[in-house]
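Student: Can we go through this model together? I would like to start with the loops and then move on to the rest.

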Amino acid sequence: MTLFSEAAGRQVVSTGNAATVGKIKTFIVDPTSQRVVGLRLSKTPNAGTVLPWPSIHSFGADAVTIADEDLIVEPDPQLAALDVKQHSIIGKQVLTTEGRKVGSVVDVDFDPADGRVVSLVLGDHSIDGTTFIGVGSYAVIVKA
Amino acid sequence: MSTLLRARDLAKLPVVTFGGEDVAQLKDIVYAGNGGQVTAFTLAGRSLFSGPLKVALAWSRVVGLGPDAVIVETQEHFAPLEAILADDGVEGGGSGHGDVLGSQVLTDTGTAIGVVSDVIIGVTTPGGLADVVGYEIKPAESLGRGEQPLLIPLPDTMSASGEHLVVPEAATGYLTDDLNAFGAAVDAFRTQIGENR
């Protein structure tokens, strides 16, 4: 398992020409599937800045590998909709479906093999990723 | 588990969707029938200058009601109050709340124990009811309990007029000033008078 905070800044390398083609800036998360669905990159060679999760060859401990830098694209409408500030999870308050605030998200633990959100880290405790329902401008919602 | 909440604390509580957006806030509580249950909430907008909304939130559409927020699946579930009341078979506005505040609480043996200052709502979610389980009262001097507000449990059914609320004498044995201990007091009281849920 890997934390967002650990993986941010990790380099993205193209296995085609062995060149570094970007660095992980932020994670794009889809609450419906409870998965990381893409990576927003910085320092990319071309205009595209988003790497959709299915284009990743391997999410390694030291680098994310992809087959070719052309896989870094402009986000499609669905990814673009998730990649806005109101959908970012870090720092947001967490409300249960019982209407109780249980803390704020400090970090997110995910499975680098498939992008699954394993848990939301709230500082002193963690919440199972399968309870994650949604995130908006006001709060992250989890099943009580 | 049931959560106990003061009606006063519910006003302005944000209404938050599964999508994490605060789409409204609570304005008033609409009680059904004789004021024993919450049937709906009227809503106001979230921004400073937005007034009341034309739609309301039926209790049946509430996923969770807690100290920090009201959770709904989607704002699509908001509906005009008239439609909600018609669906629930409630006639008229059922505004028992406004009438209750300031009413004198009498025991069935004729002792005045105080004046209602707030309504205590017990919530069981999901799928449960929002039941009026007690009142916060400003105690009558004759009670000899000082001036701190006290909580008094209510039977599930009771008689009320605009002027007086009549509670069984037995309820006075469960007066407390602690909302955390009040749930147990309500249960014990309702068991004693033989109508525990």
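Student: Where is A:Gln34 placed in chain A?

Tutor: This is a predicted model, and in it A:Gln34 sits in the loop between β3 and β4 (35–42) of chain A. Its phi is near 55°, which is a positive value in a residue other than glycine.

Student: And is A:Gln34 exposed or buried, or in between?

Tutor: A:Gln34 counts as partly exposed, because it has 17 C-beta neighbours inside 10 Å.

Student: Which residues touch the most other members of the largest nonpolar core?

Tutor: Those are B:Leu57 and B:Ile121, in a core of 92 residues. Strand β3 (residues 22–32) of chain B gives the most to this core, with seven residues.

Student: What does B:Leu57 touch, then?

Tutor: Leaving aside residues up to four places away in sequence, the contacts of B:Leu57 include B:Val15, B:Phe41, B:Val72 and B:Phe78.

Student: Now helix α4 of chain B: which of its residues are buried?

Tutor: B:Phe182, B:Ala185, B:Val186 and B:Phe189 are buried in α4(B). An α-helix has 3.6 residues a turn, so residues three or four places apart point the same way. The buried residues of α4(B) pack against β1 (3–6), β9 (112–123), β10 (130–139) and β11 (150–153) of chain B.

Student: What span should the 14 residues of that helix have?

Tutor: At 1.5 Å a residue, helix α4 (residues 179–192) of chain B should span 20 Å, and its end C-alpha atoms are 20 Å apart, so the two values agree. Just after α4(B), B:Gly194 takes a positive phi of about 75°.

Student: Last one: how many residues of chain B are in contact with chain A?

Tutor: There are 18 residues of chain B in contact with 17 residues of chain A. On the chain B side, β2 (14–17), β6 (62–65) and β7 (70–72) each supply at least two residues, and by class that side has nine nonpolar, six polar and three charged residues.

Note on methods: Residues numbered from 1 in each chain as written. Chains lettered and ligands numbered in written order. Predicted model: local features only at pLDDT ≥ 70, side-chain atom pairs only at ≥ 80, totals over all residues. Core = buried A, V, L, I, M, F, W, Y, C linked by C-beta atoms within 7 Å. Buried ≥ 20, exposed ≤ 12 C-beta atoms within 10 Å, placed from the backbone. Helix = DSSP H or I, 4+ residues; strand = E, 2+ residues; numbered from the N terminus. Contact = placed C-beta atoms within 7 Å. Expected span 1.5 Å × (residues − 1). Nonpolar A, V, L, I, M, F, W, Y, C, P; charged D, E, K, R; others polar.
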